[in-house]
Amino acid sequence: MTLRAVAIGIGHYLPDRVVPNSEFEATLDTSDEWIRSRSGIERRHFAADGETTSNLASKAATAALQDAGLSAADIDAIIVATSTADLTFPSAATMVQAELGMRHGFAFDVQAVCAGFVYALSTANAMIVSGQARRVLVIGAETFSRIMDWTDRATCVLFGDGAGALVLEAQDGTGTSEDRGVLATDLHSDGQFKDLLYVDGGVSTQTTGHLRMQGNQVFRHAVEKLAATAEAALDKAGLSAEEVDWIVPHQANIRIIQGTARKMGLDMEKVVVTVQDHGNTSAASIPLALSVGKQRGQIKTGDVVVTEAIGGGLAWGAVVLRW
Ligand code: UT7
């Protein structure tokens, strides 16, 4: 018998304020046409003043618990993937724990920027299959609007705020790729690429800083590395690309999403796309897309789902699971 970490609930939360591309035309030398054609983004959500990452995460967690038919009492651990925690410490995850009224178990953050959810999912899976936790809430939550340089048209039009949450539960499997649950993970980072995507501030510099990105350089790495990590994870799972039901990619740019699918020989019909509505929400983008994909009726029980992401670090990876 093999223990598997099976998805039993999914939910998300988006802040009320929706910002269409046209809003940037008033303050920047940009256009709705440029943003749409270069990125696929049409609108994004921004958190209200005082609304924090842990607030968004808690709302997504509540939705995921409801979807699973569980309460916080049933959860052993909370992992929040974020680069925009409310405070330097404690973790956003312990704040979510408090907001859910949970006094038991343990909670911590994972920081791998846009690849954060894939890293958190991999961590949660390792804890479940090793018997350290039975049910884990895995959350991706971000308020990237707080680290935008509003004068930099090359970055501030691309990002958004939001949160998605997944409940994973230990269930017995047979050890084959027919099992439900996480089937394989593949993680990578290469710190030599730090300057391609980073925030020019932090605790040690006593500033918050702003996001800086050499977009076209990141773009070049993205398609190649995302297809390779997705294929490596599929290989570890003993599955071929033809057996994939859904690719749920990090939602940074529709051209990256299309390029990765093309490289893997997969039709766009098999890709969950939400970038037009959410923009790039970093670690929140995959759980948001999983939740929206389930709501749309795209992702169904038994489907083979591949999640893949890349971001600052560079850090990238993929997780294959059977829903
Ligand atoms: O989530 C983490 C990972 N991040 C990513 O995956 C992002 C990867 N990169 C991208 O998505 C794309 O590179 C961008 C959407 C950021 C940019 O698209 P691009 O086709 O790579 O454009 P570019 O950066 O090469 O810029 C082309 C032109 C430049 O003008 P010149 O130098 O050709 O005169 C930019 O200054 O577009 C200009 N530009 C803009 N024009 C209007 C840059 N931003 C804007 C803008 N509006 N907002």
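## Arg 322 and its surroundings

The side chain of Arg 322 reaches the backbone oxygen of Ser 177 at a distance of 2.8 Å, a polar contact (a pair of N or O atoms within 3.5 Å; within protein, one must be able to donate a hydrogen and the other to accept it, and residues adjacent in sequence count only if both atoms are side-chain atoms). The model is predicted: local features need pLDDT of at least 70, side-chain atom pairs count only at pLDDT 80 or more, and totals for chains, interfaces and linings use all residues. Residues are numbered from 1 along each chain as its sequence is written, and side-chain values use heavy atoms, with hydrogens and water left out.

Arg 322 belongs to strand 13; strands (E, at least two residues) and helices (H or I, at least four) are DSSP runs numbered from the N terminus. With a relative accessible area of 12%, Arg 322 is buried (under 20%; exposed is over 50%, partly exposed in between; 1.4 Å probe, protein chains only). Leaving aside neighbours within four places in sequence, the residues in contact with Arg 322 include Glu 178, Asp 179, Leu 239 and Asp 303 (contact: heavy atoms within 4.5 Å).

Four strands form an open sheet in the order 8-13-12-11, with mixed pairing; two strands pair if DSSP finds at least two bridges between them. Strand 8 and strand 11 (246-249) are the edge strands, each pairing on one side only. From one strand to the next, the twist averages 15°.

Strand 8 and strand 13 (residues 315-322) run antiparallel and are joined by eight bridges. Within strand 13, Trp 316 stands opposite His 188. Helix 6 (residues 215-237) lies across strand 8, strand 12 (304-311) and strand 13, at about 140° to strand 8 (axes are lines fitted to C-alpha atoms, for helices over the stretch in contact; angles run from 0 to 180 degrees between N-to-C directions).

## The loop at Gly 191

Gly 191 is found in the loop between strand 8 (181-189) and strand 9 (197-199). Gly 191 is exposed, its relative accessible area being 55%. In space, Gly 191 and Ala 315 are 7.9 Å apart, C-alpha to C-alpha, although 124 residues separate them in sequence.

## The ligand site

The ligand is surrounded by 23 residues; Thr 30, Arg 38, His 250, Asn 253 and Asn 280 are the closest (a heavy atom within 4 Å). A polar side-chain atom of Thr 30 lies 2.7 Å from a ligand nitrogen atom. An N or O atom in the side chain of His 250 is 2.8 Å from an oxygen atom of the ligand.
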